[in-house]
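Welcome! Take a look at the display, then read on.

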Amino acid sequence: AIQEFKIQTNSFSSALGRSGGAAINAVIKSGGNEYHGNLFEFLRNSSFDGRDYFEDPTLKKASFQQNQFGGTLGGPIVRNKLFWFGDYQGTLVRNPLTSVSSVPDAAQRAGDFSGPGNKPIYDPGAYDPVSNTRAPFAGNIIPENRFSTVTRNVLNLYPLPNQPGLLKNNYVASPAERNRVDQGDFRGDYNLSDTNQLFFRWSMSGRTDVRPAPLPGIASGGGSSTGYAFEDTMGAAFGATHTFTPAVVDQFRL
């Protein structure tokens, strides 16, 4: 869709003002008296990639898929007078995000913390205000009758470990991040006369990124980096060119 572009890194004209880096001007293609267009597709998937370093080597390699596709088309509305041009590009990425979490094992879910590596579990009902001490549960096991309904419901939200390990890093998941970007432009050109030309351009870019949490369901375990992200941008431009003489040309841009 790009006809030409110009990069200016210093000595900016007053039309551009100041810039901390570079000023980039891009010109979108125009339609002509004949129809021209193209289609394209770019594919990349996990068949061509290596396994992620943190993936479980005993499980099937996580799936990765990337597709970039689109096309352009332009032509006349009124020959020699009115033309149009449009382009579109879609990008779809399904990217596995391997995460390592810590979840309670079957014994801990039943209140049994007697295994190695567990710290003492104190009984909140056995507090002595005189000595300011608490007594641990016998055998470091929470009796089943001390479990509330809320506790059981919360425990059921968490998956069982799928990795060896007593306390930490015992659950690995590779859910897929789904990232989609839709971009496009439309341009119209109108030759009023040999000395007056008009153009209009409308551009858009929209992105939806769904980053899964490290744990399934509402257990989540994620933070600000997980969830939905949306980015939508639109822009428009209008231009008029008038030729007074072969040496004097006026351009108006909005």
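In this predicted model, His242 has Asp250 of strand β13 as its bridge partner. Strand β12 (residues 227–245) and strand β13 (residues 248–253) run antiparallel, with six bridges joining them. Two residues sit between β12 and β13, and the two strands form a hairpin.

**The largest pocket**
- The largest pocket holds about 520 Å³ of space.
- Its lining has 18 residues, and those closest to the pocket's centre are Ala26, Val27, Arg187, Phe199 and Arg253.
- Two or more lining residues come from each of β1 (2–8), β2 (23–28), β11 (196–211), β12 and β13, so you meet both hairpin strands again here.
- By type, the lining of the largest pocket has eight nonpolar, six charged and four polar residues.

**The second largest pocket**
- The second largest pocket has a volume of about 150 Å³.
- Its lining includes Arg187, Phe199 and Arg253, three residues that also line the largest pocket.
- Among the other residues lining the second largest pocket are Asp189, Gly239, Thr241 and Gln251.
- At least two lining residues come from each of β10 (176–193), β11, β12 and β13.
- Five polar, four nonpolar and three charged residues make up the lining of the second largest pocket.

**Confidence**
- The chain has a mean pLDDT of 89, with 98% of its residues at 70 or more.
- Strand β4 (residues 65–78) has the highest confidence, at a mean of 96, while strand β6 (residues 99–101) has the lowest, at 85.

Methods
Residues numbered from 1 in each chain as written. Predicted model: local features only at pLDDT ≥ 70, side-chain atom pairs only at ≥ 80, totals over all residues. Heavy atoms only, no water. pLDDT = per-residue confidence, 0-100. Helix = DSSP H or I, 4+ residues; strand = E, 2+ residues; numbered from the N terminus. Pairing = 2+ DSSP bridges. 1 Å grid on protein atoms, 1.4 Å probe; cavity = no way out; pocket = protein on both sides within 12 Å on 5 of 7 lines; lining within 4 Å. Points joined across faces, edges and corners; volume = space filled by probe spheres on them. Nonpolar A, V, L, I, M, F, W, Y, C, P; charged D, E, K, R; others polar.
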